[in-house]
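Open the model in your viewer and keep the selection panel at hand. The stops below are given in the order in which to select them.

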Amino acid sequence: MSGTEKTTKRYFAWDPLSDPEFAPLIVGDGHVGGKGRSLLYAIHTLRNSGDEALARTALPRSLFLSVNTFYDFLRQIPDFSPSAALLHPEETEKLFLATPLPENALLALRTFLAEVDDPLVVRSSSVLEDSVIHSFAGKYLSTFFGNVTNDLDVRMSAVTTSIKRIYARTFFQKAVSYREKHGLGEDAMGIIVMRMAGKWRGRYFYPTTGGVAYSKNFRRWSTRLRAEDGVVRLVFGLGTMSTKRGYARTYSLTNPNLRPEGQNPYKIMRHAQEHFQAVDREHPDDLTTLDVKKCWKQIYPFHRDLSTYAQVYHPDPDGGTFMALCPLSELSEGFSKICLTFEEFPRKYPRFFSRMKRTLALLEQAMGVPADVEFAYEPEEDHLELLQSRPLWQAQSEPCTDIPETPDRRVILKADRMVTNGAVTDVPYLVYVDHRVYAVAENFFAVARSVGRVNQQLSGNKFIFVSPGRVGSSNPELGVPVQYHELTNCCCIVELGIPKLGYMPELSYGTHFFSDLEVDNVLYMPVYDGEKRNIFDESWFDGMPFELGPHDAIRIYKGHFSVYMNGESNEGVILADNNGTGVNDEPGRP
């Protein structure tokens, strides 16, 4: 066994119940679940690092329910059947909600809530979560609520309801299908009840910044960056926005001024965060999404350094300009706007990058595998809270050093950034969402569901998926809102950047969507139409025969396609047959 393997074995063998600092936080004996154990191990490692800044990393006030509490709960349900629960999820949830939690859990929760009256998050922490290979990102459930009422019974009811809903999802199709796909067997659920990171700022509760960070960067946007430099995905407000396919500020930890989108003000504006999430005291039952363009004057008094994150964009024929934000800033309706560029953040808070770099390096060393963390950060106080820590799954594919060129094959797509290593040859199908048709579609979600139907039709056959903007976006105007389970036969995703239509790929490394890509070794590359070293051969797509999909925006091409990617040189290409009739089989189609 190698030294790294021994390190990883020690990491998985560590039991927080044996630590007198953490044992009082745990209800019940046995495993606390992967997410809980990994988080406590990270805090343990940082506090014993000998590095004063890392030792100050905070664990939010938390309570952990072990998986034995889950088993005790299930024993209260006579004749419970996981297979029946899978067939009737709604009835299962009703049954779980009607069943009380074990007495020791109820007592611990009531004591915890009597002392913590800030907003809370209730997280899943199953035994199978956060393994080295399977992340389970987004497969279970996390719930957020304001916890603002003075009625302890009402707060208890909200927390226990959240716990039972998470318990029920252990047996829902989404999680069961994932476990079956990867041959993982049954799972058991632990729970984390955690004070939400942040503070009250008027009627809103949120941290100044939140995000995710990785000790390795496997999707580099420049050859000037190295995989070992690490990467962070940072947002203003709650870090929930950083795990979704929305815009965030992506930094290399050793070269934070090198933007993935380049230095053109228009492109920076198009990639900048415009919305952030918080708890609203007046509507505390769920997270509120705020538009910084509309609320900036309301939050300005609580952020003396708001200009560190936000700028005013003014358009002009040369790509526009940015101006500093101040209390007297005025916007020209329909032209200028405020966006969260984080432009001044590296200059004003360089300590964040060095601290995060040391944090990730230490955790990687302690686990024996690359590290993946979720955090909240108050820059002015240099206060870092660790919300999650786990191994970062790493693809083992080798770079393609030679891309074959033959007379009967043609490069139809080529990328020059965010490319990883890998190849897949002789793919029989390519599924393409025509950006011109999608842009004027009456129902974007109908397009997404139609992609899912194509995925079912092609069952057992691999295909390449080419689509405008961000695949899986929660905002359908930015890309097709297809869900990951609707792409189970997909072996490569290509996101097309069509600037004139507002479709811009975005480095969403660390989102739940990309976590699934990594685990399933689905290749990915972004292609920017019109940019140097990028190829989008639209003449091929319009000239070659295709079958129309269930929606007019979807085309299905049959042939022999191959993908070659080299993460070292940041080059990715897709080759296709160049031998068709050249006549579209859909008369009248563009």
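**Stop 1: a strand residue**

Select histidine 560, which lies in strand S25 (residues 554–566); strands (E, at least two residues) and helices (H or I, at least four) are DSSP runs numbered from the N terminus. The model is predicted, so local features need pLDDT of at least 70 and side-chain atom pairs count only at pLDDT 80 or more, while totals for chains, interfaces and linings use all residues. Residues are numbered from 1 along each chain as its sequence is written, and side-chain values use heavy atoms, with hydrogens and water left out.

Histidine 560 is partly exposed, at a relative accessible area of 44% (buried is under 20%, exposed over 50%, partly exposed in between; 1.4 Å probe, protein chains only). Not counting residues up to four places away in sequence, histidine 560 touches Arg409, Asp426, Val427, Leu575, Ala576 and Asp577; contact means heavy atoms within 4.5 Å.

**Stop 2: a loop residue**

Go to glutamate 274, in the loop between helix H10 (265–271) and strand S11 (275–280). Is glutamate 274 buried or exposed? Its relative accessible area is 18%, so glutamate 274 is buried. Beyond four places in sequence, glutamate 274 touches Met269, Leu290, Asp291, Val292, Lys293, Lys337 and Cys339.

**Stop 3: a helix pair**

Finally, show helix H6 (residues 89–97) and helix H8 (residues 152–169). The contact uses Thr92, Glu93, Phe96 and Leu97 of H6, and Thr161, Lys164, Arg165, Tyr167, Ala168 and Arg169 of H8.

Terms used:
Axes fitted to C-alpha atoms, helices over the stretch in contact; angles between N-to-C directions.
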